Amino acid sequence: MKQADSDTFRRATGMKSFLQRRDPWGHGYPLWLIAAIVFLMPFMGWSLSKIRLENDVAGWLPRNDPQSRILEWYHELFPSEERILVSWDDCTLTDERMQKMAIALEGVEKSGKREGGSPYIGDVKLPTDLIQKMMEEDVPFETALERTNGLLTGPGPLCIRLTDAGRLRGEYMQSEILELANREFQLNAEIVDQSLAAPTSDGLSLDNEWGWKVHDASVEYVKSRPLFDFQLRWPRMHIDAEKTERFREALKQIQAPDAPVDSAVTNCIDDSFYVQGSMAALSVGLSETGEADAKEAIADIIEAASAAGIPAGSLHMGGRPVASSELNKAVKHAGWNRDFPLWNLFNRSPILLSVLITLGLTFFMLRSFRLTVLVQFVAVLCAIAAVSLVPAFGGSMNMVLVVMPTLLMVLTTSGAIHLCNYWKHSGISGVAESVHYASRVAWMPCFLASGTTAIGFGSLVVSSLIPVRDFGIYAAIGCLISFGFVLYLLPSLMLYWPQIPPKSESLNVEGWTHFGAGLAKYKGVVCFGCLLLTVGTGWGLTRFRTETKVIRYFPDESRVAQDYYFLEENLSGIVSVDTIVRFDEATQQQMPFMDRARRVMEIQKSLSEHPEVSGTLSLASFLNLNEVDTSKMSRMERMQHKRKESLIGDRIHEKVIAGGDQARGLSSMIAVAQASHDWMVEGDEKLHRKGDEIWRITCQSSIMSDYDYSLLTKELDEITRKHLASIGSPGTTHIVTGLIPIFLRTQEALLESLISSLGLAFLIIGVVVAVLLRSAVASFWAMLPNIVPVIQVFGLICWGGIRVDIGTMITASVALGIAVDGTLHLITWFQILVRQGIPKNEAVAKALSHCGPALWQTSAAVGLGMLALYPVELLLISRFGWIMAAMIFAALFGDVVLLPALLGGPLGNVLIRIEEKRKAKGADSAAKGSENPGPDEPKPKGGSPVPGSKSVVVSGSEGSPAAVENRSATGSPGASHPSTTPTANSPIPSGGHPHWNRMSSNRAVPPKESR
């Protein structure tokens, strides 16, 4: 290496770095680092093999959250297994295929042992099973059928019966009705044939007395149904009840235009009605094995349906196990989806596509196959190392953590590109020296980038949502790993796969210079325009809404979403909200058991009338609650009747307390407290007291509905409160719980997390910037370009009606951390230029010309890499990708448009005043030092400067590490480089960009004051 190169390298590096050090045996530290990474790679692979996916929304909240405590208490009282609702297009109450599926899944019980069936299935409940239990308690068949409505049975399609005048019009009548439905009411209706078939007795044993009673009652029910001419079905026909009723009223107005004038019958429609039981479903409960492996349980259900003759395309399933299984599958498909051919990488593997995009961008920017391979190897290894920590520390992957590998890869790629550019433009011919130089000068910008980004991630630990908190912890650790890999592993690999750096090339940045000059000149207009844009987009935050429903993370056209729509439109709401009513011992003494059951039924009926509740169920549903007229009874008969009703309650209490198989069905609907249970503080007994009788009323509600869950919870709470108020007992209380309140609390926690994490990140980064700039006012102005993009992007999201989900929330804090990096680069260069005496506007132009290309390249690498996640079917990942890309490009806009305008205005003025104070303070210190020289310092004569002090301007070739050197008598060096972020005391490089001298009319840069 030439002597000039060696001198430049020594000035840039100073003391030996990690890469230059050797162990006592003469081996370099980089070799040990590479060996350590190779040693750890098998452990990373082993850890990844143990990774598991968990996406249970009910587990997102911490255990000490009030709603989580209620849910835990509720599950302890009413233990129940996970269930899946299964139906198909033409499934009815009398469909014999339901019984075939039940036998295939449950098996057959012989001699007290279960033979056959699936090990993943615990039990199967048919509508007739519920009806049979009700009939055993003397509930009439049609009453029992009505009580299963909205649970396992539905009204089915709309039956239309024509008059004679209508029938005379033939097929034209059907066409006219369809035209009315689809053109005027936009129902998208179709004609279907879904009649109740006569029930069969297949599978019924001769000794099954109640089974035969249900069968006979079903036969009579089918025979008694009124006749009709055809049936109509359309989406949301039972959900949009008001629209459906208006259509039915319009049907009554259809008249025959060719009917005789003197005819008494001119209407074409005689009646329109529903036949209860025309739609039906079975409820499949999973065993412990099935809950642990829902995927296999679902596979067995599909196999049993196929064996029963149900086409796969017409099968519909819903429930939390289905959503979780589909969610896990969607997460895996984001990495590799075998349903698409290899050439369709857009859908085959969006994550791999993201890698290839960053690979292409890396090669485009670096123009080196060697560097491209090393950069991508380091990026992929960083993602693997970070993800391997999750199972190593007992964690699990979820829908939030799944985006972390891609994010870390693009961040690592961005930092690695910076380091490789420093190496390319080092101007040092030596292989090892150029790598050492690049690592040293890249340290500070990479440290700032990783530090601020880690702060953005770390701010998420204040979230009460467990997945968000886990993401913050692991992603922050991943940032530190990324920093170490970029600054130490990548240079080590470059040393052991050596290459001589190319000759430095001059960058054409004239466009950036003129752009920066224009921004500084028209700073007022630019700032005002950005303010208007921010206010306009930020106003959309008034429409801010959150989303935590797992099923809503799938697009509407996906199979799982379509299944949910079908089930909720035709049968039952998928998600439940439970009202827990408790009667204390005093109330139990005053009010007989059957009267309490009747009161629960009154509450249940009122709850079922809510438009968002499809059906309700409680123990009262299985009891005959008809009141007997005791006025004509003798006193003895009345006492016997009262005793009989009391015995019903005593028998139920005994079974529930005893537990076991005899209480299996009862224990999911009623409980008798054996001990008190506290809620908020120890001893408050707010959940229940010992001896309380606790009833569970289950309300099935739609998860696909846009109805406000907080409003639904309040309305159900108010309905129950009004009914219980009439009892007049302070010990009779209620609680509304279940998954809907959990969803509601999760939404609230999501909003709290967004505000608290973003606020904390903004505060911490603001303090860091204030320390770096030595001014709180300057920090305020400097943070505006970083918070403005967050406001703009989230405002536009809200304007578009997009709900903020758990993945979208993360982007705000992350983008803030990434954006600050560019801000610090630009401000630091502006400070150095001003320190050299360059006018403010010119300093803005020159600083932007230096930082603009690097900011653009970094944003392109990160933004386009994240945008590759857009085609992922799971909306949570897809939105995270394109919203993150939008955040990055909005941050780029803030750094290259708003920040230069602020530097040309208020922020620049503050920084200049700080610099003037620093210079004045330095001059005072120098004057005091001249008046009071130290014991070893020669006192100048006649006030002349200390001899030996001088300034030397050294200009290198274009792109070389030229520097303005300040050499004192001791010869201490100082150096800078146009591709680096200078330190607070480093001078401006004069040789890095020749056009800078042209901008200043070839004005010589004044020598810097001796310090």
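F39 and F43 both lie in helix α2 (residues 29-49), four residues apart, or about one turn of the helix; helices (H or I, at least four residues) and strands (E, at least two) are DSSP runs numbered from the N terminus. The model is predicted, so local features require pLDDT of at least 70 and side-chain atom pairs pLDDT 80 or more, whereas totals for chains, interfaces and linings use all residues. Residues are numbered from 1 along each chain as its sequence is written, and side-chain values use heavy atoms, with hydrogens and water left out.

The search of the whole structure finds 11 aromatic pairs. Rings of Phe, Tyr and Trp (its six-membered ring) pair if their centres lie within 6.5 Å, and planes under 30 degrees apart count as stacked, over 60 as edge-to-face and the rest as tilted. The pair of F39 and F43 is tilted, at 5.4 Å centre to centre and 50° between the planes. F39 is exposed, with a relative accessible area of 55%, and F43 is partly exposed at 47%; buried means under 20% relative accessible area, exposed over 50% and partly exposed in between (1.4 Å probe, protein chains only). Y74 and F78 also form a tilted pair, with ring centres 6.2 Å apart and planes at 55°, and both residues are buried.

Y74 is among the buried residues of helix α3, together with Q67, S68, I70, L71, W73 and L77. These buried residues pack against β13 (575-583), β15 (670-672), β16 (693-701), β17 (733-738) and α27 (739-773). Strand β17 contains H734, which is buried at 13% relative accessibility. The side chains of H734 and D717 are joined by a polar contact of 2.7 Å, a polar contact being a pair of N or O atoms within 3.5 Å; within protein, one must be able to donate a hydrogen and the other to accept it, and residues adjacent in sequence count only if both atoms are side-chain atoms.

The largest nonpolar core has 252 residues, and those with the most contacts inside it are M101, L407, F471, I806 and L874. Such a core is a set of buried Ala, Val, Leu, Ile, Met, Phe, Trp, Tyr and Cys residues joined through side-chain atoms within 4.5 Å. A second, separate core of 22 residues includes M173, A181, A189 and F247. F247 is also linked by ring pairs with F185 and W234 into a cluster.

The structure holds zero disulfides (pairs of cysteine sulfur atoms within 2.5 Å). For C530, the nearest cysteine sulfur, that of C527, is 6.6 Å away.

Methods: Contact means heavy atoms within 4.5 Å.
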